Protein chains: 2
Amino acid sequence: MAEEKLPTRAENFAEWYNQLVLKSELADYAPVKGCMVVRPYGWALWENITAALDKRFKETGHVNAAFPMLIPMSFFEKEKEHVEGFAPELAVVTHGGGSELEEPLAVRPTSETIIGHMYSKWIKSWRDLPVLINQWGSVLRWEMRTKLFLRTAEFYWQEGHTAHADKDEALEEMYRMLDVYTDFAVNEAALPVLKGYKSETERFAGAQITTSIEGMMQDKRALQSATSHYFGTNFAKAFEIQFLNKSNALQFAETTSWGLSTRIVGAIVMTHGDDQGLVLPPRLAPIQVVIVPIFKNDDEKSKVMEVAERVFAELKAAGMRVKVDDRDNVSSGFKFNDWEMRGVPVRLEVGPKDVEKGSVALARRDKPGREGKSFVSQAGLASTVSGLLVEIQDALLKRATDFRDANIHDPKSYDELKKVLENGWAFSWWCESKECEAKVKEDTKATTRNIPLDQPEGHGTCVVCGKPAKKKVYFAKAY
Amino acid sequence: MAEEKLPTRAENFAEWYNQLVLKSELADYAPVKGCMVVRPYGWALWENITAALDKRFKETGHVNAAFPMLIPMSFFEKEKEHVEGFAPELAVVTHGGGSELEEPLAVRPTSETIIGHMYSKWIKSWRDLPVLINQWGSVLRWEMRTKLFLRTAEFYWQEGHTAHADKDEALEEMYRMLDVYTDFAVNEAALPVLKGYKSETERFAGAQITTSIEGMMQDKRALQSATSHYFGTNFAKAFEIQFLNKSNALQFAETTSWGLSTRIVGAIVMTHGDDQGLVLPPRLAPIQVVIVPIFKNDDEKSKVMEVAERVFAELKAAGMRVKVDDRDNVSSGFKFNDWEMRGVPVRLEVGPKDVEKGSVALARRDKPGREGKSFVSQAGLASTVSGLLVEIQDALLKRATDFRDANIHDPKSYDELKKVLENGWAFSWWCESKECEAKVKEDTKATTRNIPLDQPEGHGTCVVCGKPAKKKVYFAKAY
C-alpha cells in the first residue's frame with residue numbers, strides 16, 4: 001500500500017526508482033545478496049511481456065525447449081573469449097547429495113555451451129538445419145551491486161539459440177530477432193529504442209557481431225534492452241556442431257543467440273514513470289482499467305456497485321483487463337493514489353451522481369490531474385475506454401520519442417561532446433578505434449551504445465581524434 | 001526420426017519407455033548426471049499442460065510470482081522435519097564470483113522456506129490474507145538414478161504456496177487444489193487418477209496432511225502425479241509468519257503448498273502409449289492432426305498439395321493444432337510411423353484418388369491398423385475431425401479407467417494380498433499402523449499409495465494384521 005510519497009525524479013532519480021519498484025510491489029529484495037523476488041504484480045507484467053514475445057518467436061518459426069541449469073565447468077573452457085567473459089561471474093555447485101562433486105558445476109550464466117553440446121548430438125545433416133530454439137528461464141551472474149530488475153545476480157529472461165547451414169542465413173536470423181525485439185519494444189512497451197551494432201569492446205563474450213536495442217531513460221542514461229548475436233563458427237568449433245552439407249562434406253554450423261530479460265521492466269519503469277508512480281503502457285499493464293465505486297452509505301453503495309459491476313462485466317467482455325476496487329477499509333483518495341502508484345492506465349470512478357446521470361468519471365494515468373480527467377457516458381463505455389487505451393499507448397510512445405530526440409545531441413567538438421554527455425546522449429562520427437572509445441569513457445564515463453544499422457550519407461571526422469570516420473555512433477552513460 | 005522399432009511393452013516395459021521418450025524426441029539425457037533436456041516436442045506438451053493448469057489456478061484466485069533459486073542453508077534448519085527430508089538431496093553453491101561464500105547456498109529443492117521468509121515480511125494483518133501465490137520453475141534434488149521425466153535431479157514444476165487466517169480455510173485450499181489436479185488429470189490428460197490422503201510415512205517433509213493423486217501405469221505400477229499439503233502452523237512458526245487478527249492479537253498463519261511436475265509427462269506416456277509409440281490425449285497434444293500428402297509425380301503433387309493446404313487452413317481456422325508433413329526425402333510409410341511414434345491423435349492422408357473423390361483417408365492413433373481407419377468426405381471435415389478429437393479423448397480415458405479398474409483387487413487374506421501385488425493394486429482395509437505398512441513394503445515392495453477421501457461404509461479388518469480397521473487404502477508398487 002502506498003502510504004508514503006516517493007522522492008521526486010528531480011530530487012533523486014535512483015531513489016525514486018528503488019522506492020517505486022518496492023512500493024508498487026513489482027519486486028522485493030531477497031534474503032540472498034544480489035537476488036530479487038518478483039512479486040505477483042511484477043510477474044503479471046512479465047507474463048504479458050513473455051506472451052507478446054513468445055507469440056513473435058513462434059510466428060518466426062521458433063520452438064521452446066529446456067536445458068539444464070547446471071553446466072560442467074569444463075564446458076566454459078572450450079570457447080576462450082566466453083570463459084574470460086563469464087568465469088568471474090559464475091556461481092559454482094561443489095557439493096551434491098552430501099558429497100563433494102568430481103567436477104564442479106556452474107549455475108548457468110547463459111546457455112551457449114550446454115546448448116552447443118546438445119546441438120552437436122542432434123545436428124547431423126543439412127536437413128536438420130536450421131535449429132531454432134528458445135528457452136525461457138533464469139540465469140545467474142554473480143553480482144553484488146544490486147538494482148532491482150536492472151542488475152541482479154539471478155534474473156529472468158529468454159535466450160534463443162539457433163544453428164544454420166550458412167553465414168547469410170545466420171546473419172538474417174540475428175537481424176530478424178533484433179527486429180522482433182524492436183517491434184516488441186516500440187509497439188508493446190512504448191519504448192522508442194534505437195537498434196544498432198555494439199562496438200568490439202562492448203560485444204558479448206564469444207560473439208563476432210553483437211547488435212542491441214538501447215533505450216533512453218528519464219535521467220538520460222542509456223539502458224541496453226536486448227541483444228542479438230552472431231557467433232560465426234566460434235561455438236560450433238568449440239562444441240563440434242558439424243553437419244553433412246548438400247555436397248556430403250562435413251561443415252561447421254553458424255550459430256546465433258539473442259536474449260531479453262527482466263531488465264526491460266526497469267526500462268518501462270524509468271521511461272514512463274512519474275512522481276506519482278508507475279505509468280504502464282496499456283498493452284502490457286496487468287490491470288488496464290480500475291473501477292473505484294464511491295459511496296457514503298449502504299443505499300448509495302448498492303446503487304453504485306450495481307453500475308460498477310455492470311461496467312466491469314462490459315469491459316471484461318470486450319477483452320480488457322479490469323478490476324473493481326471494492327475495499328471498504330481505505331478511502332477513495334487512498335485508492336486513487338494506490339492505483340496511480342501501480343500505473344493503471346485508466347481509472348473509472350462511479351459515484352451516486354454518476355448513477356443518476358448515466359456517466360462515469362474517467363482519469364488517464366498518463367495525464368495526472370485535471371487535464372486527464374473527464375466525464376463520459378456509461379453508454380458505449382467499452383468502446384470509449386478501449387479507444388482511450390490505444391490513445392494512451394500512442395501518447396506514451398510519442399512522449400518518450402520526443403524526450404529521446406530532444407536529448408540526443410550532435411556536438412561539434414570534443415569539448416562539446418564532454419559537455420553534452422553530462423546530461424544527454426551524443427550521436428557522433430567515430431573512427432571506430434578502441435583508443436577514442438576508451439578516452440571518452442575515461443573522460444566522461446559514457447560508452448558507445450551502438451552504431452545504427454542505417455547510417456547517414458557520407459563521411460565525417462571522428463569527434464574525438466578528428467581522423468576520417470565512416471560511422472556515427474551513440475555515446476551515453478549507461479546502466 | 002523413428003527408424004528403429006521400439007521393444008514392446010510386454011518384452012521390456014522400462015526399455016520401451018526409455019526408448020520411446022528418446023525416439024519421440026520428448027527429452028534427451030543431459031551432459032550433467034541426473035539431468036535431462038526437454039526437447040521442443042516435449043516442451044510443447046509441457047506448455048499445453050502448464051496452460052491448462054495455469055488457467056485453473058487463476059480461476060481459483062491464484063497469482064504467479066518468482067522467488068530466487070538460491071536459498072541460504074540456514075533456512076532449511078528452521079523446520080526440523082523439512083531439513084531431515086531435504087538435506088540429503090541438496091546441491092550446494094559454495095563459491096560465487098571467484099571466492100568462497102560466507103554461507104553456502106542451496107539450489108532450491110522446493111521453496112517453502114524462502115517463500116515462508118518473504119511471507120513473514122509481507123503478511124502483517126488479517127487483511128493481507130489469504131496469500132495465494134504459485135510459482136512456475138525448476139527445482140533440484142540430487143538424484144543419480146535417472147529416469148527421464150520420472151526421476152531427474154532437475155525437474156520442472158509449479159509450486160503453490162498459500163497462507164490463511166485459519167485452519168478451515170487452509171484445509172479448504174488443500175482440497176481445492178487436489179480437486180484442480182484431479183480435474184486436470186482426468187479431463188485434460190485422460191488420466192483416471194485416484195485421490196486420497198498419504199499415510200504418515202509417505203507425507204511431505206514438514207506437512208501435517210499430504211494428499212495426492214495416483215495413477216496406474218500400464219505395467220500396473222503406481223505413479224504419484226501431484227500432491228497438495230497442509231502444514232498447519234509448522235512453517236509459520238519456523239519463519240514467523242504472524243498477523244494481527246480481527247481481535248488485534250498476533251496469530252500464526254496456516255499454510256499449504258501443492259505441486260505438479262514434469263513427472264506427469266511420464267504418466268501420460270506410460271498410461272496411453274502403445275508398441276508403436278506415444279498416444280497423446282488430443283487436448284494436450286502439440287499436434288492434434290497431421291496431414292500427409294501422397295503423390296508420385298509433380299502433377300499429382302500440385303493437385304494433392306492444393307487439397308492438403310486447404311484442409312490445413314480449414315482445420316487451423318477451426319482452432320485445431322495441425323501440421324502438413326510435406327517432407328520430400330522420406331516415404332509415406334516412414335511418415336506414418338514417425339507420427340505414430342509421436343502420438344499425433346489423427347492422421348489425414350490425401351492422395352490423387354482422394355482429390356478425385358473429394359475424400360480423405362483418416363487414421364485414429366488410438367486404434368492402430370484397419371479398425372481406426374476410414375474414408376471421410378472433405379466436406380465438413382473440420383467438424384468431423386473436431387468431433388473425432390473429442391471421441392478419442394473420451395476413448396483414452398475410458399480405456400485407462402477400464403484398465404485401472406480391472407487391476408485393482410480386493411484380496412481376502414494377506415497371502416492373497418502378496419499375490420495380487422505382484423501384478424496389480426490392492427484396495428484393502430488397513431489398521432493404519434506403520435508396522436503393517438512396513439511389513440507389506442518389506443514382503444512385496446509395495447507401499448500405501450493413498451487413502452481415498454470417500455470411504456466405503458462401515459468397517460473391516462486389516463488385511464495385514466487382522467485387527468479392526470476404519471479405512472481402506474491402495475497398496476501398489478510405485479515409481
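In this predicted model, chain B can be laid on chain A with an RMSD of 0.0 Å by a turn of 180 degrees and a shift of 0.0 Å along the axis. That is the relation of a two-fold axis, and in chain B the C-alpha nearest this axis belongs to Val93(B), which lies 2.1 Å from it.

The contact between the two chains involves 43 residues of chain B and 43 residues of chain A. On the side of chain B that touches chain A, strand E5 (residues 91-96) of chain B gives the most, with six residues, and the residues of that side divide into 28 nonpolar, nine polar and six charged. Because 100% of the interface residues of chain B are also interface residues in chain A, the copies meet through the same surface.

| Strands | Sense | Bridges | A bridge pair |
|---|---|---|---|
| E5(A) and E5(B) | antiparallel | five bridges | Gly96(A) and Ala91(B) |
| E10(A) and E11(A) | antiparallel | eight bridges | Ile209(A) and Tyr230(A) |

Within chain A, eight strands form an open sheet in the order E3-E7-E8-E14-E11-E10-E9-E23, and the pairing in this sheet is mixed. Its edge strands are strand E3 (63-64) and strand E23 (451-452) of chain A, each of which pairs on one side only. Helix H2 (residues 40-59) of chain A packs on the sheet, where the helix touches strand E7 (131-140), strand E8 (154-164) and strand E14 (254-261) of chain A, and the direction of H2(A) makes about 5 degrees with that of E8(A).

Technical notes. Residues are numbered from 1 along each chain as its sequence is written. Chains are lettered from A and ligands numbered from 1 in the order in which they are written. This is a predicted model: local features need pLDDT of at least 70, side-chain atom pairs count only at pLDDT 80 or more; totals for chains, interfaces and linings use all residues. Copies are superposed by least squares on the C-alpha atoms of residues with pLDDT of at least 70 in both. Two residues are in contact if their C-beta atoms, placed from the backbone, lie within 7 Å. Helices (H or I, at least four residues) and strands (E, at least two) are DSSP runs, numbered from the N terminus. Ala, Val, Leu, Ile, Met, Phe, Trp, Tyr, Cys and Pro count as nonpolar, Asp, Glu, Lys and Arg as charged, and the others, Gly among them, as polar. Two strands pair if DSSP finds at least two bridges between them. Axes are lines fitted to C-alpha atoms, for helices over the stretch in contact, and angles run from 0 to 180 degrees between N-to-C directions.
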